[in-house]
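Please keep the sequence and the model in view while reading.

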Amino acid sequence: MGGAPANFTCHAAALGADARLVSRVGNDAEGERLLHSLESHGVNRGAVSIDPVRPTGSVSVEVMADGQPHFTIHPDVAWDHLVADAAGREAFAAADAVCFGTLAQRSAASAGAIRELLDCAGPGTLRIFDVNLRGTFFTTEMLLGSLELADVVKLNDGELAKIVDILGIGGAVKQQLASLAERYQLRLIACTLGAEGSILHDGAAWAEHSGCTVELRDTVGAGDSFLAATTLGLLGGWPLDAISEVANEVAAYVCSCHGATPALPEYLRARFRKDLPLPASA
């Protein structure tokens, strides 16, 4: 099981959130397997609809020599036809935070459903845009429109380079992030830098992290776990340095495992228990 939304939701559930995935699967064995897998990760599957015609989505992943994944994303599958049904609308209306990405917006049907669902979220709901620029599955219009809808943006250094090129933003990486945060009035922008760690910026303060040293297995799902930890830290009112420290720790653990959603150990999950003090700042 994979895909950024599912990975994010599974990691959020592992860290203590009441996590729900809004998606669509086919009426087939793969879809049934995915639904059971979501349940095994503690994710509420009630907003995953069943497409009676189209197959469950699939992606072929090849891990390259440097540990980075290469994706072949198969077209015209169930999640290309998302629907804003009652279960999805209720999930968005009840949420403290909602996360949406670029890839599901490759089809007009799913892009329209995502925007309809975002309209259901309350005024205090944190709207998180997870940038995933895969191949040709995005347009400038869709990318910039999604930035307009977001309170929080997560991207990696390669995606940052593409966005600032589109927008004509110059300067060093921190200047680019500051410009994006100001232009789109973001509460937070998070840029992951692979093995070099991350940079967080909330419009005023910065949190830079050099990354955690681990024995690399693969990087699939690491960014999604980073975002899940960041989201829960934001909702918990953590200081920026504490969010940065724990998000890097969680992502590093995922990199030390095979697969996108390994079981997270108790010492990481305990960081998010409400009866414990806030994590120490880096």
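The sulfur of Cys255 lies 9.1 Å from the closest cysteine sulfur, that of Cys257, which is too far for a bond; a disulfide here is a pair of cysteine sulfur atoms within 2.5 Å. For Cys257, in turn, the closest cysteine sulfur is that of Cys255, at 9.1 Å, again too far for a bond. A search of the whole structure finds zero disulfides. Cys255 is buried, with a relative accessible area of 14%, and Cys257 also counts as buried, at 14% relative accessibility. Buried means under 20% relative accessible area, exposed means over 50%, and partly exposed lies in between, with a 1.4 Å probe and protein chains only.

The model is a predicted one, in which local features need pLDDT of at least 70 and side-chain atom pairs count only at pLDDT 80 or more, while totals for chains, interfaces and linings use all residues. Residues are numbered from 1 along each chain as its sequence is written, and side-chain values use heavy atoms, with hydrogens and water left out.

The next topic is the sheet. Six strands form an open sheet of mixed pairing, in the order β5-β6-β7-β8-β9-β10. Strands (E, at least two residues) and helices (H or I, at least four) are DSSP runs, numbered from the N terminus, and two strands pair if DSSP finds at least two bridges between them. The edges are held by β5 (97-101) and β10 (206-209); each has a single partner strand, so one side of each is left without a neighbour in the sheet. From one strand to the next, the twist averages 15°. Within the sheet, β7 (residues 152-156) and β8 run parallel and are joined by five bridges. Asn156 has Thr192 as its bridge partner in β8.

Helix α8 (residues 222-235) packs on this sheet, where it touches β5, β6 (126-130), β7, β8 and β9 (198-201). Its direction makes about 165° with that of β6; axes are lines fitted to C-alpha atoms, for helices over the stretch in contact, and angles run from 0 to 180 degrees between N-to-C directions. Contact means heavy atoms within 4.5 Å.

Helix α5 (residues 140-149) has Met142, Leu143, Ser146 and Leu147 as its buried residues. These cover an arc of only 135° around the axis, which puts them on the same side of α5; the arc is that of the directions from the helix axis to the C-beta atoms. An α-helix has 3.6 residues a turn, so residues three or four places apart point the same way. The buried residues of α5 pack against β5, α4 (108-120), β6, β7 and α6 (157-167). On the face turned away from this buried side, α5 carries the exposed residues Glu141 and Glu148.

Helix α6 contains Glu159, which is buried, with a relative accessible area of 6%. Not counting residues up to four places away in sequence, Glu159 touches Val131, Asn132 and Leu133.

In soluble globular proteins, nonpolar side chains tend to be buried together. A nonpolar core is a set of buried Ala, Val, Leu, Ile, Met, Phe, Trp, Tyr and Cys residues joined through side-chain atoms within 4.5 Å. The largest such core has 40 residues, of which Leu38, Leu200 and Phe272 touch the most other members. Two or more residues of this core come from each of α1 (4-14), α2 (29-40), β6, β8, α8 and α9 (240-255). The greatest contribution is that of α9, with nine residues. Leaving aside its neighbours within four places in sequence, Leu38 is in contact with Met1, Cys10, Leu21, Val43, Arg45 and Val48. Apart from this core lies another, of 38 residues, among them Leu82, Leu118, Leu180 and Cys191.

Strand β1 (residues 23-26) is covered on both faces: Ser23 and Val25 on one side, and Arg24 and Gly26 on the other, are all buried. Four bridges join β1 to β2 (residues 48-51), and the two strands run parallel. The bridge partner of Ser23 in β2 is Val48.

Two loop residues remain. Asp76 lies in the loop between β4 (69-73) and α3 (86-94); its phi is near 50°, a positive value in a residue other than glycine. At 49% relative accessibility, Asp76 counts as partly exposed. Gln185 belongs to the loop between α7 (173-183) and β8 (188-192) and has a positive phi of about 50°, although it is not a glycine. At 64% relative accessibility, Gln185 counts as exposed.
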